[in-house]
Amino acid sequence: MNPSVPSEQLPRASAGRGNPELAPPPPSRTGGAYGTGGAPGGSPSGDLFDSVLPPASDIYKGSREILRESYVPARLPHRENQIRQVAEVLSPGLRGELPSNLLIYGKIGTGKTAVVQQVRLEFLRRATADRSMSFLSINCGNIDTPYSLLQTLGNSLAEREEDRIPTGWALDRVQGGLRGLLNARGGICLLVLDEIDRLVARSGDGVLYTLSQINTELDTARLCLIGISNDLKFTNHLDARVRSRLNEEKILFPPYDAPQLQDILRDRAREVFRDGVVDAGVIERCAAYAALENGDARRALALLRLAGEIAERERARRIAGDHVVKAKSRLELDIIVECVRTLPPHCKVLLYAILQAFERRRTGVLTGEVYDAYCKLCQRLGLQPLHARSISNYLSELENLGLVRAGIVSRGRGGRTREIVVDVPIAETVPVLAEDPLLAALARPRGPNQTLLTNFDNPNRS
Ligand SMILES: Nc1ncnc2c1ncn2[C@@H]1O[C@H](COP(=O)(O)OP(=O)(O)O)[C@@H](O)[C@H]1O
Ligand SMILES: [Mg+2]
């Protein structure tokens, strides 16, 4: 999956999320009737779909994509100040002057990505005629290494196929290639590094050092960095020079409280649901649950979306409080799925190795075994394994995300090691990993002793 979005080519509406997942989701494990078209009228299967397709029009008036994370709403209530602040910092770019680097931080779901993408769209709208202006956005959450970050960045600037930076170059050469591409484009390049904290947790701040001092080596271009972090203490982990360069301007996004979340939900509910189908108390309940979860707007929207889906599947004519309660328990699983889906490739391979070992052993797995299993999988996939230290960082990340748990075990004279236990439902997680084309090669059936994991080629397996 390509985590970057080339700067000027975005359509104007909701496609500005820096996230290519704008198409309706593939049929998911819920088997839900997603999509917008339904079966074409008069087709032989028309009867079948008539019997299973819920009467969507009872509840929805707009596309349910409006409640998805990838949708950028026209209005972002309670973020007017932040939008203004970000625009103020970046505005010199419109005059061809280099803006200060900017660090945006706040807990997850506080609107950081949405605000920056909205400002970015406005900026690009103003700068359309100006070829010497680029505004790129990269989500570091699904980038494995500093190398791939620089390569991705370079390649989003490359205008011709032959200018692209291929895989396999030495890091120095990639850096040189990137400088060349920046100079060729010239002018001001604004670069959003979303979820920058995850990249630094994985592989240190070396790449930020490279990027934050690249202007001293550029001739015709200037780079401005806009870092977005979900970790409030992120800058503590940075080298002092990187910290001061990145921190030239800083904006904190506070969590939303329940009334603010209600406003956000009401806006979306008005766009997506028919008048009067949302029972009194539904919005308040979604907002209250999400306010308890650190004021996370993403969680609030997900609850409302799921409540709608559940009501629809039950063929209810209205969305009621009960549907929100059901949505809340289903959301836990959905969060896991989403979390797994957005892991970077090597982290997915690692998780697969853990699931495989855990399923075989039915007990905790030692870190050494996991690393061996990971290396073997990489070999099967034709990938160069990452160093054990990077994999150990990934393991901590999986632990922080709540996907695995690792406890210290004493092994007598063998010393102490970590034992890993899986904290996700394997049956639901494997198909999500299988969606990644990189892991599809693991799908080959492996004979009569097939386990769940070797059934990998059938992601829709129930
Ligand atoms: N003020 C707001 N108004 C409307 N929607 C919002 C607002 N803040 C966040 N959202 C929505 O909530 C979800 C999470 O926001 P996002 O910007 O991704 O959060 P963050 O980047 O801080 O984790 C997105 O779907 C976004 O559109
Ligand atoms: Mg974000």
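What share of the contacts in the protein with a separation of 6 or more comes from residues 24 or more positions apart?

**View 1. Overall fold of the predicted model.** The share is 72%; a contact means C-beta atoms, placed from the backbone, within 7 Å. The protein holds 16 helices and nine strands. These are DSSP runs numbered from the N terminus: H or I of at least four residues for helices, E of at least two for strands. Of the 462 residues, 40% are buried, that is, with 20 or more other C-beta atoms within 10 Å of their own.

**View 2. The shell around ligand 1.** Helix H3 (112-126) and helix H11 (297-313) are the elements giving two or more residues. By class, the shell has eight nonpolar, six polar and four charged residues. Nonpolar covers Ala, Val, Leu, Ile, Met, Phe, Trp, Tyr, Cys and Pro; charged covers Asp, Glu, Lys and Arg; the others, Gly among them, are polar.

**View 3. Helix H10 (residues 282-292) against H11.** The two axes come within 8 Å and cross at roughly 140°. H10 is therefore oblique to H11. The crossing is right-handed. From H10, Val282, Cys286, Ala287, Tyr289 and Ala290 meet Arg299, Ala300, Leu303, Leu304 and Ala307 of H11. This contact has nine nonpolar, no polar and one charged residues.

Residues are numbered from 1 along each chain as its sequence is written, with chains lettered from A and ligands numbered from 1 in the order written. In this predicted model, local features need pLDDT of at least 70 and side-chain atom pairs count only at pLDDT 80 or more, while totals for chains, interfaces and linings use all residues.

Technical notes
Near = placed C-beta within 6 Å. Buried ≥ 20, exposed ≤ 12 C-beta atoms within 10 Å, placed from the backbone. Contact = placed C-beta atoms within 7 Å. Axes fitted to C-alpha atoms, helices over the stretch in contact; angles between N-to-C directions. Parallel < 35°, antiparallel > 145°, perpendicular 65-115°, else oblique. Left-handed = near helix turned anticlockwise from the far one by under 90°.
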